[in-house]
Amino acid sequence: MKNPTKHRAQKFRSEWLRVENLKKWLVPIDNDPFKAKCKLCNFTMVAELSNIKTHGNGKKHKEIEACKEIKQKSIKTFTTNKTPTKLDIDVKMAEIKLTAFLTEHNIAFLATDHLTDVLKSCFKDSEIAKKISLKRTKTTSITKNVIGYCQKEELVSYLKTVQFSILTDESTDIGTVKSSCVILRFFDSKSGKIESKFWDLYKVYDSKNPGNATAEKLFNSLMESLTSYGIPKYNVIGFGSDGCNTMMGENNSVASRMKIEFPGIFIM
C-alpha cells in the first residue's frame, strides 16, 4: 500500500500583494511566514492561495469590503463661509417660531416629522416653506440650545437686579437618577405681575454615583446653581418647599442653612 502524500505547508508569497483583487486587503504575518491576514476582516488564515481566494469570495468579506469603499465625506462639505441671505434668516426664524409654538403648547416633537411636509403642501408659493427643514431632532436642539439658552441668559440678567424667592422639590419617581427642580418667583416689571420661572433641574445622584439626598448636599447644589451664574446671594429673600425633615427640619435642614446664610429670609 502506498503512503499518502503529505500536504506541504505553503509560505506567504510577496507576488500575491500585486494581484488586483488581493492587494487591497491581504497582508503577511510578520512572525509566521505560513499565515496570511485580511486587514479588512481582521482575520488570520493559512497562507495558501486557494484558501485566500475562498475568503475573498466569502459573503461576510464582500459586505465589509463594500462598506470600506464608501468614502467618508469631508467636514468641509457640512460647513460654509457663505454669508446668509435674507431668505436664509427668514427660514431660521420660521423654524425657531414653530419650535417655540410646539414647546409652549406642549405638543410632541414627533409631530414635526410631518409638519414640514404639511406646510410645504399648504404654502406651495412660499419660498420660506420650501426651505424649512425641521424634524424632531432639530426641534429638540433648537429648544435646548437656542430658545432655552437665550431664555436662561435673559433670566440671569434680570435676576441680578431684583429680589426673588426659591421654590424647590425633589423628583418622586423610581428612576435611577434623582433630580431636584428649582423654580424662582419674583416680580416681573414687563408683565407687572408676580412670575414663577423655571430655573434649573440639577442631579442629586444616580446609579453610577449613588448617595443620599442630605440637607447639606441639596443646599450646596442649590447655591451652586445660583452662584455659578454670578447671581448675588443678597437677592434671595424667600424659600419654599415641602415639609419633609430634610427640607424643613429645625436643626439640620436646607431651611436651617438658609436662615444662617440669609438672615431675615421668609421660609414657607
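Here are some questions and answers about this structure.

This is a predicted model, in which local features need pLDDT of at least 70 and side-chain atom pairs count only at pLDDT 80 or more, while totals for chains, interfaces and linings use all residues. Residues are numbered from 1 along each chain as its sequence is written, and side-chain values use heavy atoms, with hydrogens and water left out.

Q: How many helices and strands are there in the protein?
A: Helices (H or I, at least four residues) and strands (E, at least two) are DSSP runs, numbered from the N terminus. Counted that way, the protein has 9 helices and 8 strands.

Q: What percentage of the 268 residues is buried?
A: A residue is buried when its relative accessible area is under 20%, exposed when over 50%, and partly exposed in between (1.4 Å probe, protein chains only). Of the 268 residues in the protein, the buried share is 29%.

Q: How many salt bridges are there?
A: Side chains of opposite charge can pair when their charged atoms come close. A salt bridge here is a side-chain nitrogen of Lys or Arg within 4 Å of a carboxyl oxygen of Asp or Glu. Applying this rule gives a count of 9.

Q: Which residue forms a salt bridge with D90, and is that partner buried or exposed?
A: The partner is K86, with N and O 3.0 Å apart. D90 and K86 both belong to helix α3 (residues 86-104), 4 residues apart, or about one turn of the helix. D90 is partly exposed because its relative accessibility is 26%. K86 has a relative accessible area of 63%, so K86 is exposed.

Q: How many residues apart are D88 and K131?
A: The side chains of D88 and K131 meet in a salt bridge at 3.1 Å, N to O. This pair links distant parts of the chain, with D88 in helix α3 and K131 in helix α5 (residues 127-131), and the separation is 43 residues.

Q: Where is K233, the residue that forms a salt bridge with E261?
A: The closest N and O atoms of E261 and K233 are 3.0 Å apart. The pair links distant parts of the chain, 28 residues apart: E261 is in helix α9 (residues 254-261), and K233 is in the loop between α7 (215-227) and β7 (236-240).

Q: Which element gives the largest share of the lining of the largest cavity?
A: A cavity is a set of points, on a 1 Å grid over the protein atoms alone, where a 1.4 Å probe fits but cannot get out, and lining residues have an atom within 4 Å of a point. The lining residues of the largest cavity include F164, M223, L226, T227 and K233. With 3 residues, the largest share comes from α7.

Q: Is E170 buried or exposed?
A: E170 sits in strand β4 (residues 164-170). Leaving aside neighbours within four places in sequence, E170 is in contact (heavy atoms within 4.5 Å) with residues including K178, A213 and M247. The relative accessibility of E170 is 17%, so E170 counts as buried.

How values were computed. 1 Å grid on protein atoms, 1.4 Å probe; cavity = no way out; pocket = protein on both sides within 12 Å on 5 of 7 lines; lining within 4 Å.
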